[in-house]
Amino acid sequence: MELHDRLEEVFRQVFDNETLTLTDEMTATDIEGWDSVAHINLMFGIEQAFGIRFKGNELAEMKNIGELKHFLVDKGAR
Amino acid sequence: MGLPEPSPGSRSSLPRKTTVSFTTQDLAQFSAASRDRNPLHISEEYARTTPYGEPVVFGMLGVLAALGRLSDRHDRLLQRISIEFRNPLAVGIPYRLEVSEPTTDRAVVKFYDATRLMLKATFTFVPRHEDARETPVQEVACSAEAADLKKENLLAGTRVTGAYGPAITELAEVIRRWELSQKGATALHISAMMWASFVVGMELPGKRAVFWRLELTFHPEDGPQENPLRYDVTIQDFDERLDLLHTTGMLSAGPTVCAAAEMWAFVRQDSPQPSLRRLTDLLPRSEQLKGKIALVIGGSRGLGAAITQALASQGCTVFLNYHQCTTEAERIRTSLGSTFGTIELLQGDASDIQWCRTVRQNLIERYGGLDLLICNASPPIRPLPFVPEKFAQFQDFLAQSVAMAGIPMSALLSALAPRSGWNVFISSAFVKDLPPEWPHYVTAKCAIEGLMHWAAAHYPQVHSLIVRPPKLLTDQTNTTVGRQGAMPVEQAAAAIVNRLACPEPSQGVQILEAF
């Protein structure tokens, strides 16, 4: 499965939304329910799915989904 | 024409909807059965010092309630459960359950508070052999006091071992209460689920735990069985970024492993206490407020406690009002030592009209009035989706909030007037930031700000101050994410007291937003 599809699957699980479709321009404010609890679930879900580890608050500092995808590629996400 | 309701026991790809709620008695019964006596679930006094403000339902009790809502499965045995405890469950809230049972071997139950997902439990079953036998479970006396391990004690590789057995009579009551007897789960399965709750809540990490995730796999009962059950749990990792503890463990009956668990729990940090030393660093002593009489409504914890200390450090006589947190109030009073002003404790419910009248009468008799009224009390704040079915809670919160500020003001504005005193309301920066799940909180703060404007117009001798602090580091925000970017309460208290010490305050309502 492509990185984009795997990431979308993580988001769908975390936000409990089977129809959620990610685009590179999307930000936290575009996704309903992206609160502090969801943020931790997302961080954990991405780390488990891609075998990477965020440093500190790295995830919160990314400006959109496109930047997150670049980050995953740079980290050699599995 | 509507779709026909599926008959009980039938399976459908469409989720079945139902509701469930929990009582204090349910929590006591689960606690007695499971031996999980974590005070977050059973002590109101302890729960008040946590971000949740009131006892939280055992996550595993939610899972048992979910299991009880599945169709009967006489020919199946539970093989695995996978749990996500997304948000804490509270007593008395009717949760909406969505039960999906696509096959006899798989079921997913989701708990919602209106639109907010609270818990997700996935159950996997396997066919039950006809000659399968049930292992009897033996009762074991376990520790009644939860361990209190801090993060520095949580080293990878640390092991905890012991014997475990639920209280048999109470276990049977739980099985009856939640109708678990025909759901493919034996007493041993339910005991293993309770064991996971016990391990996290009582052992690793114990008192500070907030259970987050569980993967529990049950093993076939085909080996030699011995009682009592024994467990062996090992710390895999403590994630400093999230304060998240990851453990793995096994529950065995003699040489036979009955269940294997992988558990994740957040480890709550100490309740943040205001520091008098930090306050005095920020707020050098002055003569402006010396000898003033102050009343802080909700002064035992958080910002209220820091304001109490700060006013006393300036030579005020401060009446610290608290409702239930006697230990915390006493701690603030004794923190002062003998060098500064004085703090007197004043226990009572600020939304009680008679209590406020008595306070007014006593202040007038003793001092002839009041110089500073600080309204800081608030009901416990939980996220609240803005949907029609939650509106009763919305109204309750609003009524309580307005009463906790409005009733003291209605009783005491006339005591402030002759002394040109200050009427201070602790609002919040959230009246402008508007966080999505706190509509009730924003509405309550705005309503009381409105009352402040009315009071300023009709009591022109009284100075009015609305304080809108940003997110503060208090018991309420003392979570992994909540602490991030939270301002220390001493900083906010020092700014408030500096404003009150201003020798020539302007007329009308002042708003303090810069700290």
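Which residue caps the N-terminal end of α4(A)? A:Asn64 does, through a side-chain oxygen 3.2 Å from the backbone nitrogen of A:Gly66. Helices (H or I, at least four residues) and strands (E, at least two) are DSSP runs, numbered from the N terminus. The model is predicted: local features need pLDDT of at least 70, side-chain atom pairs count only at pLDDT 80 or more, and totals for chains, interfaces and linings use all residues. Residues are numbered from 1 along each chain as its sequence is written, chains are lettered from A and ligands numbered from 1 in the order in which they are written, and side-chain values use heavy atoms, with hydrogens and water left out.

Helix α4 of chain A covers residues 65–74, and its buried residues are A:Ile65, A:Gly66, A:Leu68, A:Lys69, A:Phe71 and A:Leu72. Buried means under 20% relative accessible area, exposed over 50%, and partly exposed in between (1.4 Å probe, protein chains only). These buried residues pack against α1 (3–14), α2 (36–50) and α3 (58–61) of chain A. Just after the helix, A:Gly76 has a positive phi of about 70°.

Chain B holds an open, antiparallel sheet of ten strands, in the order β1-β3-β4-β5-β2-β7-β10-β9-β8-β6. Its edge strands, β1 (16–20) and β6 (159–164), each pair on one side only; two strands pair if DSSP finds at least two bridges between them. From one strand to the next the twist averages 20°. Helix α6 (residues 187–203) of chain B packs on this sheet, where it touches β2, β6, β7, β8, β9 and β10, and its direction makes about 150° with that of β7(B). Contact means heavy atoms within 4.5 Å; axes are lines fitted to C-alpha atoms, for helices over the stretch in contact, and angles run from 0 to 180 degrees between N-to-C directions.

Within the sheet, eight bridges join β4 (residues 106–113) to the antiparallel β5 (residues 116–127) of chain B. B:Val109 has B:Ala121 in β5(B) as its bridge partner. The loop between β2 and β3 of chain B contains B:Asn87, which is buried at 11% relative accessible area. Not counting residues up to four places away in sequence, B:Asn87 touches A:Val37, B:Arg116, B:Leu117 and B:Met118.

The whole structure has zero disulfides, a disulfide being a pair of cysteine sulfur atoms within 2.5 Å. For B:Cys325, the nearest cysteine sulfur is that of B:Cys375, 18 Å away; B:Cys325 is buried, at 8% relative accessible area. The sulfur of B:Cys502 lies 15 Å from the closest cysteine sulfur, in B:Cys316, too far for a bond, and B:Cys502 is partly exposed at 33%.

Methods:
Polar contact = N/O pair within 3.5 Å; in protein donor to acceptor, adjacent residues only side chain to side chain.
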